[in-house]
Amino acid sequence: MSDTTPHPNRFAGKVAVVTGAASGIGRETALRLGAEGASVIAVDIAADVDGVAAQIVEAGGTALAVQSDVSERAGAEAPVDAALDEYGQLDVLCNIAGILAAAHSDQVPDEQWERIIAVNLTGVFYTTRRALPALVESKGSIVMAASTSALSGHPWMTAYSASKGGVLAMTRTLAMEYARRGVRVNAVAPGGITTPMVGGLQLPDDIDFSLFDRISPLDEFRGPETVASAICFLAAPEAAHINGEVLRVDGGTLA
Ligand SMILES: NC(=O)c1ccc[n+]([C@@H]2O[C@H](COP(=O)([O-])OP(=O)(O)OC[C@H]3O[C@@H](n4cnc5c(N)ncnc54)[C@H](O)[C@@H]3O)[C@@H](O)[C@H]2O)c1
């Protein structure tokens with residue numbers, strides 16, 4: 001059993017932007033930050049994000065929803081602007097929005113490559129670039145959703161793993177560049193978490209499934225709340241001396 005009980009008031013007085021907040025890991029992260037006292041800007045391309053913000057408010061927290069596409073510059077910047085307009089500060093940015101698709105690497109359609117890079121990498125860049133001045137002011141922190149695919153070979157996921165490798169490289173670069181200005185930048189690398197993304201994955205039907213034995217040896221997949229608790233730890237003051245780190249949340253798959 002995992003204990004993922006929220007820490008009350010850990011983020012009291014803080015303002016957090018969470019992208020990908022309508023589902024899976026982003027949703028659990030937004031709910032947890034809300035339960036821990038943050039004012040949450042819940043961001044997603046899906047309209048369901050309204051319900052997540054409403055759930056935080058119903059539970060006694062503070063939140064607003066921004067429905068936007070982070071792959072578009074304006075859509076990626078809008079949540080940061082909303083945080084500053086509404087609450088006057090930004091302390092935590094969680095770049096969680098992402099998409100996944102699979103194909104034989106010699107058959108990846110242009111649209112698949114371009115969309116995955118646009119959402120998973122360019123979107124992270126756009127949101128982060130907009131947020132950095134406010135995070136320097138607040139001495140805040142950023143947590144990225146990388147992936148075990150940035151740390152080891154994930155067959156049939158060439159666009160996805162390239163995007164996550166880029167996120168990890170960006171994490172380390174930003175951590176170096178902004179450390180002396182008080183901003184920490186870390187990443188989680190989840191693996192095999194049970195969310196709609198993984199449930200909806202369509203693999204080519206002629207593949208050697210045994211290659212997945214190395215990636216997902218655990219019979220029991222873990223829920224997104226286990227990743228949310230790691231994200232909140234990295235974002236919190238208790239991780240004050242952790243910077244440029246990638247924390248695997250994969251049940252030991254790559255240990
Ligand atoms: N589930 C896993 O095993 C796993 C493993 C490694 C990394 N990750 C990463 O964790 C993050 C969350 O994944 P998840 O499993 O919770 O998936 P999910 O599909 O449940 O949630 C992803 C959310 O991102 C949103 N989104 C997609 N495109 C968007 C866009 N253009 N603009 C704004 N929002 C957009 C979706 O609508 C969805 O709500 C992703 O970055 C994913 O790559 C997940």
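This is a predicted model: local features need pLDDT of at least 70, side-chain atom pairs count only at pLDDT 80 or more; totals for chains, interfaces and linings use all residues.

Q: In which order do the strands of the open sheet lie, and how do they pair?
A: The general idea first. Strands of a sheet pair through backbone hydrogen bonds, either parallel or antiparallel. Here 7 strands form an open sheet in the order S3-S2-S1-S4-S5-S6-S7, and the pairing is parallel.

Q: Which strands stand at the edges?
A: Strand S3 (62-67) and strand S7 (246-249) do. Each has a single partner strand, so one side of each has no neighbour in the sheet.

Q: By how much are neighbouring strands turned against each other?
A: On average by 15°, with direction ignored.

Q: How many bridges join S1 to S2?
A: There are 5, between strand S1 (residues 15-19) and strand S2 (residues 39-44), which run parallel. For a landmark, look at Val18: Ala42 in S2 stands opposite.

Q: Which helices pack on this sheet?
A: Helix H2 (residues 49-58) is one of them, touching S2 and S3. The direction of H2 makes about 175° with that of S3. Helix H8 (residues 224-235) also packs on the sheet. H8 touches strand S4 (92-95), strand S5 (141-145), strand S6 (184-190) and S7. Its angle with the direction of S6 is about 165°.

Q: How many bridges join S4 to S5, and S5 to S6?
A: S4 and S5 run parallel and share 4 bridges. One to find is Asn95, whose bridge partner in S5 is Met144. S5 and S6 run parallel too, joined by 5 bridges. There Val143 has Asn186 in S6 as its bridge partner.

Q: Which residues of S5 and S6 lie on each face?
A: Start from the rule. In a regular strand the side chains alternate between the two faces of the sheet. In S5, Ser141, Val143 and Ala145 take one side, while Ile142 and Met144 take the other.

Q: Why does the span of H1 agree with its number of residues?
A: Count 1.5 Å a residue. The 12 residues of helix H1 (residues 24-35) should then span 16 Å, and the end C-alpha atoms are 17 Å apart, which agrees. H1 is mostly covered, with 12 of its 12 residues buried. Among them are Arg27, Glu28 and Arg32. After H1 comes Gly37, whose phi is positive, near 105°.

Q: Which residues come nearest the ligand?
A: Of the 31 residues around the ligand, they are Gly20, Gly24, Gly98, Thr195 and Met197. H1, helix H4 (110-138) and helix H6 (196-199) each give two or more residues to the shell. The shell divides into 17 nonpolar, 12 polar and 2 charged residues.

Q: Where is Met157 found?
A: Look in the loop between S5 and helix H5 (158-178). Met157 is buried, because 23 other C-beta atoms lie within 10 Å and the cut-off is 20 or more.

Q: What does Met157 touch beyond four places away in sequence?
A: Met157 touches Ala102 and Ser149. Met157 and Ala102 are 55 residues apart in sequence, yet 5.0 Å apart in space, C-alpha to C-alpha.

Notes: Residues are numbered from 1 along each chain as its sequence is written. The expected span of a helix is 1.5 Å times one less than its number of residues. A residue is near a molecule or strand if its C-beta atom, placed from the backbone, lies within 6 Å of it. Ala, Val, Leu, Ile, Met, Phe, Trp, Tyr, Cys and Pro count as nonpolar, Asp, Glu, Lys and Arg as charged, and the others, Gly among them, as polar. Two strands pair if DSSP finds at least two bridges between them. Axes are lines fitted to C-alpha atoms, for helices over the stretch in contact, and angles run from 0 to 180 degrees between N-to-C directions. Two residues are in contact if their C-beta atoms, placed from the backbone, lie within 7 Å.
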